[in-house]
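Please open the model in your viewer and keep the selection panel at hand.

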Amino acid sequence: MSWTTYWIILGVCVCSILIFRTLPYVLLSGHTLPAGIQDGLELVPVAAFAALVANDLFSPARIASGLWPTLLPLLASVPVVVVALKTRSLVACVVVGVVVFAALSAIA
Amino acid sequence: MQRTASHNADVAVVIKVALPVALGYVPLGLAAGIMSAKVGMDAFQTFLLGFLMYSGSGQFMIANLSMAGAGVFSVCVSTSMVSARQMLYASAFTRFFDTVPKPLSLWFFATVTDESFGVNLMRFQSGRWGPWRATGVNVTCQLSWALSTLVGALIGEAFDLPTTVASFAMTSIFVCLLMMQRFSVDKVVAAASAVLGVILCKTFGPSDMAILVGAVFGIVVGMLYRSRVEVDRGVEGRGEGR
């Protein structure tokens, strides 16, 4: 990657993500939001995390490459759900998730 | 003296809260650094990108597309589309920053990620959380990420980390953060719709936008469901899900 290419990519991608991260605050701060919008914002965490989980677990590329690659992440997330509900600990979830995922990958 | 004591307590709390996310960033940051080295970035370039952009999905996207031979324009557009979901997080945090000085607020908002959004928002909602602590959590995670990408770039191709295993660390964090939410019927509807939105978007639509499209779809369907329930019950049910 040439320096020019690198600087263009760095400049554009850093600027765009900083705008996305700060613009809503700059625009909305100090204003009272309509009740409808506030209701919608309450749904942001569940909707965003559900979308992030789905994005990680569902992959057309893995489905095309076979049943096991498709099932593996789904199976590995089952114990993570159990651990999350029982312990509410991010650390425990990461450890269990990675260990189970690695073990399942190894037996395949 | 007391001030020092409370300051130390703050630092301890920040580190305790940030630790799971910061540790999760290590394997993934290493992997991102290794991939960045593969597409020809040196250690400094990788670190700078990791520190300033501070986005795992974004950095992987840049490396993947560059490896596939995509042009500069397409790399920039795709990566920016992946970043667009950050607007949702910023909107959700804004009400906690109405009285916070602007420089601190901007520092906080500039360093929000998927994972730190989760751990900070839950604590803001419980009331015992402030802008300094929240920013401390963000910056701790940011340093962990940027340094991990730096080390990854230095190791380079000498060491091949299984990216799929490393990225499942983040998947586990998202699963955990989802499970820790307080669910009511409207939230279940929103989550299920978000999943459906992601699947449809990745199957038929622009997959770079899947997270944002899915999340917005979930929010809209959840709100529609709420308004229908309110119509059925009269106005009373409003705000119950809190």
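**Before starting**

This is a predicted model, in which local features need pLDDT of at least 70 and side-chain atom pairs count only at pLDDT 80 or more, while totals for chains, interfaces and linings use all residues. Residues are numbered from 1 along each chain as its sequence is written, and chains are lettered from A and ligands numbered from 1 in the order in which they are written.

**Stop 1: chain A**

Select chain A and colour it by secondary structure. Six helices and zero strands are present in chain A; helices (H or I, at least four residues) and strands (E, at least two) are DSSP runs, numbered from the N terminus. In sequence order the pattern is α-α-α-α-α-α. Chain A has a radius of gyration of 20 Å, well over the 13 Å that the globule rule gives for 108 residues, so chain A is more spread out than a compact globule. The radius is taken over C-alpha atoms, and the rule is 2.2 Å times the number of residues to the power 0.38. The C-alpha trace of chain A spans about 55 × 45 × 30 Å along its principal axes. Of the 108 residues in chain A, 39% are buried. A residue is buried if 20 or more other C-beta atoms lie within 10 Å of its own, exposed if 12 or fewer, and partly exposed in between, with C-beta atoms placed from the backbone.

**Stop 2: where chain A meets chain B**

Show both chains. Their contact takes 58 residues from chain A and 75 residues from chain B; two residues are in contact if their C-beta atoms, placed from the backbone, lie within 7 Å. Next select helix 9 (residues 163-179) of chain B, which supplies 12 residues, the largest share of the side of chain B that touches chain A. That side of chain B divides into 45 nonpolar, 23 polar and seven charged residues. Ala, Val, Leu, Ile, Met, Phe, Trp, Tyr, Cys and Pro count as nonpolar, Asp, Glu, Lys and Arg as charged, and the others, Gly among them, as polar.

**Stop 3: helix 1 of chain A**

Select Val14(A), in helix 1 (residues 3-28) of chain A. Leaving aside neighbours within four places in sequence, Val14(A) is in contact with Leu52(B) and Met53(B).

Axes are lines fitted to C-alpha atoms, for helices over the stretch in contact, and angles run from 0 to 180 degrees between N-to-C directions. Angles under 35 degrees count as roughly parallel, over 145 as roughly antiparallel, 65 to 115 as roughly perpendicular and the rest as oblique. Among the residues making the contact are Phe20(A) and Met87(B).

**Stop 4: helices 5 and 6 of chain A**

Finally, select helix 5 (residues 67-87) of chain A and helix 6 (residues 90-107) of chain A, which pack at about 155° with their axes 9 Å apart. The two are therefore roughly antiparallel to each other. Their contact has 13 nonpolar, three polar and no charged residues.
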